[in-house]
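Here are my notes for your review. Please read them alongside the model.

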Amino acid sequence: MKSFTPRILVIAFLMTISFAASAQIYVGGSIGGSYAKAESTNAKSWTIDISPEVGYIFNENWAAGARITYGKSVQEINSQYLDKKTTNVSLFSINPYAVYAPLKFKNFAVCAEMGASFTPKSSGSNYSLYSLYVTPLLTYTVNDHIILKTGLDFAKLAVAGDTNGTFKFGVSAGGENALNLADDFSIGFVYKF
């Protein structure tokens, strides 16, 4: 039994080193936005933000990371029943996520990003927002270090709520059925070390 234990430790150590050697740290970011107009209420809204991120690529199919989003969201309601009302919200959110890339073709990949988002009370908002989501991503590998990515948040599947007691299930984070102030579309890049 004594000779068996060191062998297990050596094997575990070698597996850990081989796993760490195939993993890579990355940094990057994206910019995103959305615009919506509702004809029934004559309401308009737009969002624009920037999201720096850092993460870890485990293998060719899995990565995990976190991003911080800074931005602004404006909603304007102009109705015959209501006076013109404009709401400005400064955005700040924290977003840990995992990415799975099941489909690859040459330098392109179709990925699924699964994550959580938390937006604390901020300027123009009286409550905090939170959500769990799954959204598609398209990526293009330029070289060994640079990956371009596009978030297709208009196709996001989200469960969202707020500290005001509202809870919703939405098919689109940028649509009328969702609570969080998110993009319909984002573009960005990551740099692998």
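The numbered points below go from the overall fold to single residues.

1. Basis. This is a predicted model, in which local features need pLDDT of at least 70, side-chain atom pairs count only at pLDDT 80 or more, and totals for chains, interfaces and linings use all residues. Residues are numbered from 1 along each chain as its sequence is written, and side-chain values use heavy atoms, with hydrogens and water left out.

2. Fold. Helices (H or I, at least four residues) and strands (E, at least two) are DSSP runs, numbered from the N terminus. From that end the order is α-β-β-β-β-β-β-β-β-β-β. Contact means heavy atoms within 4.5 Å. Among contacts with a separation of 6 or more, 52% join residues 24 or more positions apart.

3. Surface. The accessible surface is about 11,900 Å², and 65% of that belongs to carbon and sulfur atoms. Areas come from the Shrake-Rupley method with a 1.4 Å probe; for residues, only the protein chains shown count as cover. Buried means under 20% relative accessible area, exposed over 50%, and partly exposed in between (1.4 Å probe, protein chains only). Of the 193 residues, 34% count as buried.

4. Core. The largest nonpolar core has 13 residues, and Tyr26, Tyr97, Val99 and Cys111 touch the most other members. E4, E5 and E6 each supply at least two of its residues. E4 gives the most, with three. Such a core is a set of buried Ala, Val, Leu, Ile, Met, Phe, Trp, Tyr and Cys residues joined through side-chain atoms within 4.5 Å. Leaving out residues up to four places away in sequence, Tyr97 touches Tyr26, Val54, Met114 and Tyr133, among others. Its contacts also include the charged residues Glu53, Arg67 and Glu113.

5. Second largest pocket. About 500 Å³ of space lies here. Of its 27 lining residues, Ile57, Glu60, Lys104, Thr139 and Ile147 are the closest to the centre. Elements giving two or more residues to the lining include strand E1 (24–38), strand E4 (85–105) and strand E10 (185–192). The lining divides into 13 nonpolar, six polar and eight charged residues. Ala, Val, Leu, Ile, Met, Phe, Trp, Tyr, Cys and Pro count as nonpolar, Asp, Glu, Lys and Arg as charged, and the others, Gly among them, as polar. A pocket is an open set of points on a 1 Å grid over the protein atoms alone, where a 1.4 Å probe fits, with protein on both sides within 12 Å along at least five of seven lines; lining residues have an atom within 4 Å of a point. Points are joined across faces, edges and corners, and the volume is the space filled by probe spheres set on them.

6. Lys106. This residue lies in the loop between E4 and E5. Lys106 is exposed, because its relative accessible area is 75%.

7. Ser186 sits in strand E10 and is buried, at 11% relative accessibility. Beyond its neighbours within four places, Ser186 contacts Ile31, Gly32, Lys149, Thr150, Gly151 and Asp153. Ser90 lies in strand E4 and is partly exposed, at 34%.

8. Leu138. This strand E6 residue is partly exposed, at 40%. Not counting residues up to four places away, Leu138 touches Ala109, Val110, Leu148, Lys149, Thr150 and Leu152.
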